[in-house]
Amino acid sequence: MNNLSPYTGQIVEIELTSKKHITGKLIEVGSDIIVVFNGQKFVYLSVMHINHVKMAESIDGEYAIDDSSKLEMKGTSISLRGILTNAIGIFVEVSLSGNHTVYGYIRQIQADYVVFYSPAFNNLNIPIVHFKWLIPYIDQTPYDIKIASSELVVDPTCADTFEEQLKSVIGKMVIFDLGKDPQKIGMVKAAENNAVELITGNSKIIYINTSHIKSFHD
């Protein structure tokens with residue numbers, strides 16, 4: 001969406017693949033991400049999850065920018081991976097495909113997934129492809145609780161890829177997609193050929209397409 005660059009500084013309306021709409025001032029355009037200021041926070045939106053962008057027909061409210069809530073970037077261009085890297089250790093709100101939202105911290109970034117610490121869900125493994133947007137909360141803490149620094153250290157046991165990380169939990173109880181669907185909670189029996197074999201609470205066997213897994217934690 002580099003052709004959006006001429007609209008930088010203008011108020012735009014964005015429709016996401018989830019049909020959710022975001023209105024704000026277009027701040028920056030990258031190869032796979034755009035940055036919008038919604039009047040309160042900077043929203044870093046993955047281009048993959050955008051249906052369309054258009055100029056706002058009407059403008060309600062002020063869009064006075066407060067740079068104190070913006071991520072610092074190194075280099076001249078922005079990217080999704082670069083944004084995720086710069087957000088490590090900062091309290092963020094993350095929206096995932098499927099209308100899943102989590103709050104917490106990015107711990108580390110692997111080849112195709114992120115290890116995310118949430119006080120509500122503990123450690124989550126999230127494929128980068130499912131990041132819909134990220135909102136940083138500079139100098140704030142989630143749920144008004146203090147997070148121990150030990151919760152955010154790099155875990156050397158994490159696999160390089162999401163598929164390998166899934167294989168590491170074979171034989172363990174796992175919760176997929178924040179447990180919103182009871183059929184996505186169970187013991188992982190196998191993980192291969194782009195599918196996870198899961199034994200649910202009623203002893204049923206379900207095969208889940210790994211491409212559609214937004215997150216998992218054990």
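Modeller: Val 196 stands opposite Ile 208, which belongs to β14. Please note that this is a predicted model, in which local features need pLDDT of at least 70 and side-chain atom pairs count only at pLDDT 80 or more, while totals for chains, interfaces and linings use all residues. Residues are numbered from 1 along each chain as its sequence is written, and side-chain values use heavy atoms, leaving out hydrogens and water.

Strand β13 covers residues 195-200 and β14 covers 205-209 (strands are DSSP runs of E with at least two residues, numbered from the N terminus). These two strands run antiparallel and are joined by 5 bridges (strands pair if DSSP finds at least two bridges between them). Their hairpin has 4 residues between the strands, and Ser 203 there takes a positive phi near 65°. Such a value deserves attention because most residues other than glycine have a negative phi. Ser 203 is exposed, at 60% relative accessibility (exposed means over 50% relative accessible area, buried under 20%, and partly exposed in between, with a 1.4 Å probe and protein chains only).

Strand β13 also pairs with β12, again in the antiparallel sense, over 6 bridges. Within this pairing, Gly 186 faces Thr 200 of β13. The hairpin of β12 and β13 has 2 residues between the strands, and Asn 193 adopts a positive phi near 55° in it.

Let us now step back along the chain. Asp 177 lies in the loop that leads from β11 (173-176) to β12 (185-192). Although Asp 177 is not a glycine, its phi is positive, at about 55°. Asp 177 counts as buried because its relative accessible area is 3%. The side chain of Asp 177 meets that of Lys 184 in a salt bridge, at 2.8 Å from N to O (a salt bridge is a side-chain nitrogen of Lys or Arg within 4 Å of a carboxyl oxygen of Asp or Glu). Elsewhere in the structure, salt bridges with shared partners join Glu 13, Lys 54 and Glu 57 into one network. The whole structure holds 5 salt bridges.
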